[in-house]
Amino acid sequence: MKVLGLMSGTSMDGLDCCYVDINIINNVMKYNIIKHNTIPFSEKIKNSISSIIGSDNEIKVLDVNKELGVEFLNIVKDFIKVEHVELICMHGQTITHIDKIKTRQIGDPKYLFDYYNIPVIYDFRTQDIFLGGNGAPLVPYLDWLLSKKNKESIFTINLGGIANITYIDKLLSRDKVIGFDTGPGMCLIDQYVQKHWNLDYDFNGEIAKNGKINNDLLNELLKHPFLRRKFPKSTSREEFDLHYIENIAKKHIKINNLDFLRTLVNFTACSIYFNSKLLRFNNEKIKIIISGGGAKNPLLVNDIKNMFSVDEIFTSECYGINIDIKEAFLMAVMGYSRYNNIDNNMPSVTGARTYSSYGKIYE
């Protein structure tokens with residue numbers, strides 16, 4: 001089935017598009033990623049999204065919901081061109097997320113449906129909340145399907161705006177898959193760079209590598225209560241935002257910007273490693289696979305490598321999946337599964353009461 005997956009992540013920088021041919025039978029997946037790309041959002045769209053993060057202003061939220069729906073359509077028209085698509089699967093932009101209480105993604109699917117006249121699968125998280133789960137993360141479902149190609153235990157790290165991990169033992173038992181958010185991925189690093197250097201991000205960690213890790217600041221960051229929360233758990237940019245950084249900075253005014261940034265990079269790695277200790281690997285052989293924008297930051301990757309004391313860290317390219325596009329591919333897989341009534345949730349990950357097939361169908 002020819003499927004288009006669309007993902008707008010916590011970095012809010014653009015729309016990841018993945019056009020793929022998928023077939024899943026008895027939880028065995030075959031796929032061919034035909035093409036993919038990340039199309040940046042305009043500054044206007046970015047500002048519109050930022051203005052309603054965590055907002056209770058329903059009129060304004062609905063306006064941006066329509067604005068983003070139109071933006072998605074314009075991006076898709078340019079990306080897909082004349083390709084034949086049978087199903088569109090869109091995550092939307094998360095504007096609020098609180099474990100087990102509420103989650104909301106915007107981007108009206110109406111415009112994509114009206115133009116292409118094919119089913120649009122959307123809203124993959126609210127059913128999990130309804131079933132008593134956290135609503136996140138969703139990526140362990142894809143990790144579990146992909147892990148069938150491996151003979152060792154798998155530990156994946158997705159370095160988007162928020163970082164999340166998945167652990168799959170070599171026996172591949174679906175009921176024993178563990179996955180949860182660990183805290184910030186690139187969100188704190190990117191926000192700090194945007195504020196102090198007026199750049200979208202620190203390309204290849206070129207700025208941060210000139211700083212030094214400040215242990216006092218690092219210890220302060222590591223006190224964040226989310227790090228000690230037991231899984232299942234998930235978080236959002238609402239919890240790790242610029243306001244959070246600024247409050248920390250007020251306590252450490254003598255630290256220069258370079259050292260502060262370098263410490264944020266190390267904090268991201270530390271938070272991932274700290275949370276991995278909750279899994280108790282028992283010194284077994286683990287294959288670590290990373291993806292997401294942070295996988296392109298050699299400074300962060302090296303920090304992670306040193307903490308885990310491994311000789312090699314693989315990327316999602318080992319599955320033929322570009323590191324930037326894994327979550328868009330996930331949306332395609334989630335939507336395909338929903339359309340074909342295949343359970344696409346992971347109760348052992350989110351805490352949902354039962355298996356189910358997530359996603360609403362707009363048709």
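## A salt-bridge network

Glu220, Lys223 and Lys251 are joined in a network of salt bridges; a salt bridge is a side-chain nitrogen of Lys or Arg within 4 Å of a carboxyl oxygen of Asp or Glu. This is a predicted model, in which local features need pLDDT of at least 70 and side-chain atom pairs count only at pLDDT 80 or more, while totals for chains, interfaces and linings use all residues. Residues are numbered from 1 along each chain as its sequence is written, and side-chain values use heavy atoms, with hydrogens and water left out.

Glutamate 220 is buried, with a relative accessible area of 17%, whereas lysine 251 is exposed at 56% relative accessibility. Here buried means under 20% relative accessible area, exposed means over 50%, and partly exposed lies in between (1.4 Å probe, protein chains only).

## Other salt bridges

A search of the whole structure finds 14 salt bridges. One of them pairs glutamate 58 with arginine 104, with the closest N and O atoms 2.9 Å apart. Glutamate 58 counts as partly exposed at 37% relative accessibility, and arginine 104 is partly exposed with a relative accessible area of 28%.

Aspartate 78 also forms a salt bridge, with lysine 81; the closest N and O atoms of this pair are 3.6 Å apart. Lysine 81 is exposed, its relative accessible area being 57%.

## Cysteines

How many disulfides does the structure hold? There are zero disulfides in the structure, a disulfide being a pair of cysteine sulfur atoms within 2.5 Å. For cysteine 187, which is in no disulfide, the nearest cysteine sulfur is that of cysteine 270, 15 Å away. Cysteine 187 counts as buried, at 2% relative accessibility.

Cysteine 318 is in no disulfide either, and its nearest cysteine sulfur, that of cysteine 18, is 16 Å away. At 38% relative accessibility, cysteine 318 counts as partly exposed.
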